[in-house]
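Here is a short briefing on a pocket and on aromatic contacts. Look at the model first.

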Amino acid sequence: MTRAEAKERNRRALLDAALQVVSRDGYRAKLDEIAERADLTTGAVYSLFGSKNGLVVALVADYLRPYYEEIEQAVPAGLDLLEAVDAFARYYRRSCDAPDAPHRLSLQITLLDMALHDPELGSQLGMSIRAQENHLIALFTGRSHNGSVVTSHQAQRLTTALRALFVGLSQGVPLGLAPGADEEYFADTARALASGVSLIDHDAASS
C-alpha cells in the first residue's frame, strides 16, 4: 500500500467511525472513541482533518456528495425550470421512503443540535452545506422560464426556498405532520413555489 493509499484508508475509516459516533452522541461525541473505532489515534484526526470540527465538516460533505450526484441524475438537462423543479421534488419525496431515511433525518437533527451548541462548528457546517448546494444552483441555472433564462443568482434564491420547503416537509412526513404529502403533493407545492417566488435579480434591477 502506498502512502497515499494508506492516508485515504485512514481518512475513510475515521469518517465511517465518526458517522457512527456522531449519529449516536451528537455534540457529546468523543474524539478518542472515534479514533479507537477506526483503529487509529487522535493524532491521525488532527493530521488528516485538523480538529474534531474539521472531521465533522468533512463527514457532512462526504455524506452529502452522493446525494447531490443522485439529484443531478434525476433532473436531466433539456427540461425547463418548472419541469426540473418537478423532477427534483419527486426525487426528494421518494428519498423520504428510502430504508435509510430515518437515519438521515436523525443525523440532520443531530448536526443541527451540534451547530447550536458550537457556533464555530455551525458556521463551518453552513459553509460546507452551501458549497454542496452549488450543485443545485448549477442544476437550475440556464433553464428556460417564462420566456427568459434563469440566472445563477435567481437559481440561488430558488434553491434556498426549495431547501426550506423540502426540509420542513421531509421532517413532517415521518412524524405524521404532513398528511397527504405524497409525491404529487411535493411536486405541486414545489412548482407553485417556483412559479410564485420572485425570480427577479434585485441586485441587477437596482443597478
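The points below cover the pocket lining, then the ring pairs.

This is a predicted model, where local features need pLDDT of at least 70, side-chain atom pairs count only at pLDDT 80 or more, and totals for chains, interfaces and linings use all residues. Residues are numbered from 1 along each chain as its sequence is written, and side-chain values use heavy atoms, without hydrogens and water.

**Largest pocket**
- The largest pocket is lined by 41 residues. Nearest its centre lie Leu64, Tyr92, Arg104, Gln108 and Val167.
- A pocket is an open set of points on a 1 Å grid over the protein atoms alone, where a 1.4 Å probe fits, with protein on both sides within 12 Å along at least five of seven lines; lining residues have an atom within 4 Å of a point.
- Two or more lining residues come from each of helix 4 (52-74), helix 5 (81-95), helix 6 (101-117), helix 7 (119-140) and helix 8 (152-175). Helices are DSSP runs (H or I, at least four residues), numbered from the N terminus.
- Helix 6 gives the most, with 10 residues.

**Aromatic pairs**
- The whole structure holds 8 aromatic pairs (ring centres of Phe, Tyr or Trp, its six-membered ring, within 6.5 Å; planes under 30 degrees apart are stacked, over 60 edge-to-face, the rest tilted).
- Phe88 and Phe166 pair edge-to-face, at 5.3 Å centre to centre and 80° between the planes.
- Phe88 is in helix 5 and Phe166 in helix 8, so their pair ties together parts 78 residues apart in sequence.
- Both Phe88 and Phe166 are buried (under 20% relative accessible area, 1.4 Å probe, protein chains only).
- Ring pairs link Tyr67, Tyr68, Phe88, Tyr91, Tyr92, Phe140, Phe166 and Phe186 into a cluster.

Terms used: Buried < 20%, exposed > 50% of the residue type's maximum accessible area, 1.4 Å probe, protein only.
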